[in-house]
Amino acid sequence: MTMRDWLRVAVGLVLVAGTLDLRAQSVTAVPQLDHARYAGTWYAIAGYPSKRLKRCASDVTQLVAEADKASQLQFVEACKVKAGFYDANNITAKAQDKKVLDGRFKITTLWPFTRKYWVFALAPDYSWSLSGSPNRKELWVFSRTPTMSDATLAEIKAKADAMGFSSAKLVMMPQSGH
């Protein structure tokens, strides 16, 4: 083998090892989620950039209500867009396992398409939530109040990093407090 071949093998091994390391970090949902306590207003403190988020200028919120079925929640995601008006989306969230009310959901924004939405971490008093997709493409930090202390945000970011997310990619969401 030439030196170039050895270099290719070494680079390939490093890439494979990095991929295995990322997959080794487990992504888990909270083992139990009280739907009644989770319902209410959540303010988006930070989130991964997305097409929808680029339209939002401020006040990204998520309203959560219990649905007719015990294993479902209804979400309304809203934000103030750059033109000054509010944009909202209705979302149905169904528990992945109807027998276990944990933090794993399948959400539908446009029937029949679904995607996974998990609550990864939650304050014991339900004052903040870390949620997103288990494939690590979406991540949100939510709070019951429009602001969050730097110490709490640092704690949540550490939890996200421990699950293989990149907290460095989080974009802070401005909230006016309404």
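1. Both C56 and C79 are buried, where buried stands for a relative accessible area under 20%, exposed for over 50% and partly exposed for anything in between, with a 1.4 Å probe and protein chains only. The model is a predicted one, in which local features need pLDDT of at least 70 and side-chain atom pairs count only at pLDDT 80 or more, while totals for chains, interfaces and linings use all residues. Residues are numbered from 1 along each chain as its sequence is written, and side-chain values rest on heavy atoms, with hydrogens and water left out.

2. C56 and C79 form a disulfide with their sulfur atoms 2.0 Å apart, the term being used for a pair of cysteine sulfur atoms within 2.5 Å; a search of the whole structure finds one disulfide. The torsion about its S-S bond is about -75°, so the disulfide is left-handed. Because C56 lies in strand β2 (residues 56-66) and C79 in strand β3 (residues 72-81), the pair ties together parts that are 23 residues apart in sequence. Strands here are DSSP runs of E with at least two residues, numbered from the N terminus.

3. β2 and β3 run antiparallel and are joined by eight bridges, pairing being assigned if DSSP finds at least two bridges between two strands. The two strands form a hairpin with five residues between them, and the bridge partner of C56 in β3 is V81.

4. β3 is mostly covered, with seven of its ten residues buried. Nine bridges join β3 to the antiparallel strand β4 (residues 86-95), where T92 is the bridge partner of Q74. The hairpin of β3 and β4 has four residues between the strands, and G84 in this hairpin takes a positive phi near 105°.
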